Amino acid sequence: MNQKISLTACTVTTAAGKGVTANADALKKSRTGLQKNGFAGIDFDTYIGQVDGVDDVLLPDHLSDFDCRNNRLAELGLLQDNMLEKIAEMKARFGAERIGLFVGTSTSGIQQTEMAYAQRNTVNGELPDWFNFQTTHDIYSPVAYLLKRLGLRGASQIISTACSSSSRVFAAAVRHMQLGLCDAAIVGGVDSLCQMTLYGFNALQLVSSQPCRPADAERDGINIGEAAGFVLLEKYHSGSELCLLGYGESSDAWHMSSPHPEGAGAVQAMQQALHRAGLLPSRIDYINLHGTATPANDLAEDKAMMTVFSGNNPGSSTKGFTGHTLGAAGIVGAVFSCLAIEHNFLPVSLNTQRVDDRIQSNIVLDPHLTAGSVSPLNGRVNTVMSNSFGFGGSNASLIIGRPV
């Protein structure tokens, strides 16, 4: 990267809480947002990371055509941490045409199609009149909604690369800023619960019936969650407290649903991020692992970690707090990285009781659940790497830190 990028504001809404204060409190107190499945239409045993109050959200009247669970979740996220006011101030400084909007999602508003299909005409198969694919299920729907909601007229892009989606938006924003296509950017991610993802992952035998246990010797799968988050980016200016220092992207294309067994693509993404940041691996104070809690993914990520790092850098997966939020996982990891730096603490790998003997990474454990050693916090947390490694071998790593 030719220059650092300032992170001027952030927000995140997950099952662990709405806004950064609630999520930071959950991380510090090891309080999970996972709960026994109660999502409509799901009849198998699992835990989920469901955000409270999504169904009660009302979109502005003039945007009612966009009404679906995913856009309601995006709206709920925007209402936290004075984000609407901060975006309005950004518009006043840069202009609506010079602010880019880059959003990651995996399934967009597919739940709206699920509901429409359930109500289709049994004679001719026609879907109900209230269903509007373009404004709800279409993959561009979140961006289309946010452009109108925020009154933006600049560059925009939706990114759907599975679990890496809302990490890759940072890279897309930086490229647009470096090319002079925008002066500032809003990056984010939103992915909501739906039957397709829950049944889909269950069909792949990847869903756990218990709260997920990343890196644990007894881990047996993921819990699906939902989340929305946004970060404001600007070209670097003095006085910035947090910056995007580097990013890395790769596609190893090993398998549609399984990671490269040696983590080859993950290695490339992490090494690129370090190179762009101009940092040695030893300078990373904490790593927010992708850590899905499936046997294969955790092992592959660990092999990648041990290729890039020495095994001393502390790291943890925070999916025990939120579930795996899929297309929003990147933005959740990025904001949690900001919280670790701002509050100077290391999030634990919640629910992990005994680390798999084959995993060599330095996993931060919850002292209330384990008798093992917990990675100590030596000094300040200045620099954090956040990993998002998704289906189809799409990988992304971000480095966020104090200006260096």
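**Salt bridges in the predicted model**

R72 is buried, at a relative accessible area of 19%; buried means under 20%, exposed over 50%, and partly exposed in between (1.4 Å probe, protein chains only). The term covers a side-chain nitrogen of Lys or Arg within 4 Å of a carboxyl oxygen of Asp or Glu. By this rule the count comes to 19 salt bridges.

This is a predicted model, in which local features need pLDDT of at least 70, side-chain atom pairs count only at pLDDT 80 or more, and totals for chains, interfaces and linings use all residues. Residues are numbered from 1 along each chain as its sequence is written, and side-chain values use heavy atoms, with hydrogens and water left out.

Next comes R69. R69 forms a salt bridge with E226, and their closest N and O atoms are 2.7 Å apart. This pair links distant parts of the chain, 157 residues apart. R69 sits in helix α2 (residues 69-78), E226 in the loop between α8 (195-203) and β8 (227-235). Helices (H or I, at least four residues) and strands (E, at least two) are DSSP runs, numbered from the N terminus. Both R69 and E226 are buried.

Helix α3 (residues 83-94) holds both R93 and E89, 4 residues apart, about one turn of the helix. Salt bridges that share partners also join R219, D298, D356 and R358 into one network. R93 is partly exposed at 43% relative accessible area, and E89 is partly exposed at 40%.
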